[in-house]
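Good morning, colleagues. Please take a moment with the sequence and the model on the screen before I go through them.

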Amino acid sequence: VAVKDDDKFKALDRVVEEAGFFEALERRWKATGKTKEAFSVVIKPNFMYMHAKKDISTYTDPSLVEALIDKIAARGFKNYENREVVKVAEYIGYSTKKNYRIVDLTEEMVPYDYGGRLGKHVVGPTWRDADFRVSFAKNKTHVFCNYTLTLKNIYGTLPMQNKLKEYHTKREYDWPTIETLKHFPVHFGLIDGYYSA
């Protein structure tokens with residue numbers, strides 16, 4: 001679903017409704033058999049590749065992510081997990097005092113056997129254990145991939161800190177991203193295209 005509106009929050013409302021976001025969330029929740037309080041929702045926005053705070057075209061708008069979180073929380077789902085990740089997030093406008101928390105997957109990584117090409121590697125338990133994974137990407141171009149949307153956004157869940165060295169040089173960026181998606185699929189994807197790069 002693609003929506004154009006001068007009001008980014010109205011656009012988000014329409015996209016969420018027309019794309020069936022809450023229907024997908026409810027289906028997944030019911031399939032787990034968990035309570036809403038125990039059911040975890042993890043949202044992965046784009047922001048670590050941002051160059052300057054004033055260039056909002058390079059990172060997912062924090063106010064849109066927080067608006068989505070508020071909508072999810074209003075439906076009773078309140079178990080969230082979401083250079084230094086927390087500091088960059090705070091710098092661009094994410095709050096550490098709201099009804100979610102920001103997680104640096106590098107700081108919590110544990111061993112995981114992906115099998116296949118990636119083999120024995122690592123994963124962040126917050127991403128691994130999520131009941132509902134959301135890729136909330138930015139509509140932007142990328143120096144290596146030409147563009148970065150919901151698929152490339154998941155590359156950021158690979159927890160090794162020096163991603164350029166680990167995934168662009170040693171392994172390439174594409175197949176490790178696909179391997180992590182095979183093991184930890186995304187349940188819903190959104191793209192912030194209000195301002196694009």
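Let me begin with a definition: a residue is called buried under 20% relative accessible area, exposed over 50%, and partly exposed in between, with a 1.4 Å probe and protein chains only as cover. What you see is a predicted model, in which local features need pLDDT of at least 70 and side-chain atom pairs count only at pLDDT 80 or more, whereas totals for chains, interfaces and linings use all residues. Residues are numbered from 1 along each chain as its sequence is written, and side-chain values use heavy atoms, with hydrogens and water left out.

I turn to the overall form. The protein has eight helices and eight strands; these are DSSP runs numbered from the N terminus, helices being H or I with at least four residues and strands E with at least two. Its radius of gyration is 16 Å, close to the 16 Å that the globule rule gives for 197 residues, so the protein is as compact as a globular protein of that length. That radius is taken over C-alpha atoms, and the rule is 2.2 Å times the number of residues to the power 0.38. Along the principal axes, the C-alpha atoms fill a box of roughly 45 × 40 × 30 Å. Of the 197 residues, 48% count as buried. The protein exposes about 10,200 Å², and carbon and sulfur atoms supply 52% of that area; accessible areas come from the Shrake-Rupley method with a 1.4 Å probe, and for residues only the protein chains shown count as cover.

Next, the interior. A nonpolar core is here a set of buried Ala, Val, Leu, Ile, Met, Phe, Trp, Tyr and Cys residues joined through side-chain atoms within 4.5 Å. The largest such core has 29 residues, and those with the most contacts inside it are Phe21, Leu25, Ile43, Leu68, Ile72 and Phe132. Two or more residues come from each of H1, H2, S1, helix H3 (62-74), strand S5 (132-138) and S8. Which element gives the most to this core? It is H3, with six residues.

Six of its six residues are buried, so S1 is largely enclosed by the rest of the structure. Ser40, Val42 and Lys44 point one way from the strand, while Val41, Ile43 and Pro45 point the other way. Lys44, which lies in S1, is buried, with a relative accessible area of 16%. Between the C-alpha atoms of Lys44 and Val65 the distance is 9.3 Å, although the two are 21 residues apart in sequence. S1 pairs with S5 in the parallel sense over five bridges, two strands being paired if DSSP finds at least two bridges between them. In this pairing, Pro45 stands opposite Phe136 in S5.

A second pairing has the opposite sense. Strand S3 (residues 110-113) and strand S4 (residues 120-123) are antiparallel over four bridges, with Asp113 opposite Lys120 in S4. The two strands form a hairpin with six residues between them, and Gly115 in the turn has a positive phi of about 70 degrees.

Now to the charged pairs. A salt bridge is a side-chain nitrogen of Lys or Arg within 4 Å of a carboxyl oxygen of Asp or Glu, and by this rule the count comes to eight. One of them joins Glu18 and Arg14, at 3.3 Å from N to O. Being four residues apart in helix H1 (residues 8-19), these two are separated by about one helical turn. Glu18 is partly exposed at 47% relative accessibility, and Arg14 is partly exposed at 37%.

Another bridge is formed by Glu26 and Lys36, at 3.7 Å from N to O. This pair links distant parts of the chain, with Glu26 in helix H2 (residues 21-32) and Lys36 in the loop between H2 and strand S1 (40-45), 10 residues apart. Glu26 is partly exposed, at 21%.

In helix H8 (residues 174-183), Lys182 and Glu179 are three residues apart, about one helical turn, and their closest N and O atoms are 3.2 Å apart in a salt bridge. Buried or exposed: where does Glu179 fall? Glu179 is buried, at 10% relative accessible area, whereas Lys182 is exposed, at 57%.

I close at the surface. Ile56, Tyr194 and Tyr195 form a nonpolar patch with about 270 Å² of accessible area together. Patches are made of residues with over 30% relative accessible area and no salt bridge, like charges being joined within 9 Å and nonpolar side chains (Val, Leu, Ile, Met, Phe, Trp, Tyr) within 5 Å. Tyr195 belongs to the segment after strand S8 (188-192) and is partly exposed, at 45%.
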